[in-house]
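Thanks for asking me to look this over with you.

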Amino acid sequence: SNSRALATFPPTTDDPEKSLLAGDDDDMEEVHIDIPEDAYGAAILALVRDLTLVSQGPTWGDELVRIKLLQAFFAGFLLIMNLVMQFSLLYFIYQFVVQPSVHKVQSEYYRFRANVFDHDGTFLEEVWDDYPGKEELCQLGMSNVLFYDIVILLWVLLIIREFRTTERLLRDICGMPGCSTRAEMCKETDDSVMVVALTPCIKALVIIIVVVPKFLICAALMTLGCQWLTATTSFTDLVMNSIAMEFVTEIDNSLFETLLPVSHRNQVAEINFVKYRKKPVGAGSRSKEFEGFLRSAVYLVIALAFVFSYYAVIQTVLPSNLTDLKELCVEQLSSAATPVCPGALPWSLHECFPYGGHEHDL
């Protein structure tokens, strides 16, 4: 049974740290911390609970031990599969999506400056009037600074959401009480199992196999996404691409939902990290709330500063000042945004598309 593998803390103890873990002080409160319900959460559960039961030496003929060993093996396989897929996709996105997009947009802008201006930078209006790449050039995402900055900010905020989740997990793991043996990590009650402490080894393992990869994926996605959005050659793609690469962060959820049995997913959902702390009184509880809002404000300032810096200094796709192109594209963009049948009523739309009409009438 579970009671053989998961240590139940005594209700009282003379050891202050044990007392903190047990939560037997009337001035203490339980703080429940949910572990991620994804492939990373399954790996945490395997490290903290399943392998603990297996390592405590009950007979290998015990069915529960075999189940826990199978769960731990499957969780480890799922984590490895997830990491391989995520990092492989990041490489393929860089090699076959971002780099070709950068090459394409840089080539278009190079041809524009080479053909529409002479060596002295003098604009050649007669060349521009018949320039074949005019439509694509006027759709460059960076040509509309406000539109571009808003989309980049949206992408940065999406990544910061993932980053904050990981940073919160790191704070929770580092804030867990320490213990000397694996048997002390879990506290068993009648209907649940709670993680109340972590050994230094398990804490380090969770950080290495869960937190570090998630931070690296966030950093890579931030870089690749911003570069890809900068290299977009149409405003439509600028909007669509802003959410396209987010699927990389959802791979761990997809594998978790698809490949793990419902019963094991429920176990990941039900087990929590639990810390015991002094009950906040008065200003103490309000200070925690202020601290949370302050942290949010800091992230917002960082996001805004990054967007401004990226456009002006960091990005290496196109010159940050595209005024020469923007001024030339006013008429082109205005014409492209004007409907062929402005103000037409639904029942008279057919009159806008006459048989045998001439294309120059558009």
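1. First, some ground rules. This is a predicted model, in which local features need pLDDT of at least 70 and side-chain atom pairs count only at pLDDT 80 or more, while totals for chains, interfaces and linings use all residues. Residues are numbered from 1 along each chain as its sequence is written, and side-chain values use heavy atoms, with hydrogens and water left out.

2. Start with helix α3 (residues 63–116) and helix α7 (residues 200–230), whose axes come within 10 Å and cross at roughly 15 degrees. That makes α3 roughly parallel to α7 (angles under 35 degrees count as roughly parallel). Axes here are lines fitted to C-alpha atoms, for helices over the stretch in contact, and angles run from 0 to 180 degrees between N-to-C directions. Helices are DSSP runs of H or I, at least four residues, numbered from the N terminus.

3. Which residues of α3 and α7 meet? Among them are L79, L83, F87 and L90 in α3, and I209, P213, L216 and W228 in α7. Contact means heavy atoms within 4.5 Å. By class, this contact of α3 with α7 has 17 nonpolar, four polar and no charged residues. Nonpolar covers Ala, Val, Leu, Ile, Met, Phe, Trp, Tyr, Cys and Pro; charged covers Asp, Glu, Lys and Arg; the others, Gly among them, are polar.

4. Now look at helix α2 (residues 39–55) and helix α10 (residues 262–270), which pack at about 80 degrees with their axes 10 Å apart. That makes α2 roughly perpendicular to α10 (65 to 115 degrees). On the α2 side, G41, A42, L45, R49 and D50 make the contact, and on the α10 side H264, Q267 and V268 do. These residues divide into three nonpolar, three polar and two charged.

5. How many disulfides does a search of the whole structure find? One, where a disulfide is a pair of cysteine sulfur atoms within 2.5 Å. This disulfide joins C138 to C329, with S to S at 2.0 Å. C138 lies in the loop between α5 and α6 and C329 in the loop between α12 and α13, so the pair ties together parts that are 191 residues apart in sequence.

6. Are these cysteines buried or exposed? C138 is buried at 1% relative accessibility, and C329 is buried at 2%. Buried means under 20% relative accessible area (1.4 Å probe, protein chains only), and exposed means over 50%.

How values were computed: Helix = DSSP H or I, 4+ residues; strand = E, 2+ residues; numbered from the N terminus. Parallel < 35°, antiparallel > 145°, perpendicular 65-115°, else oblique.
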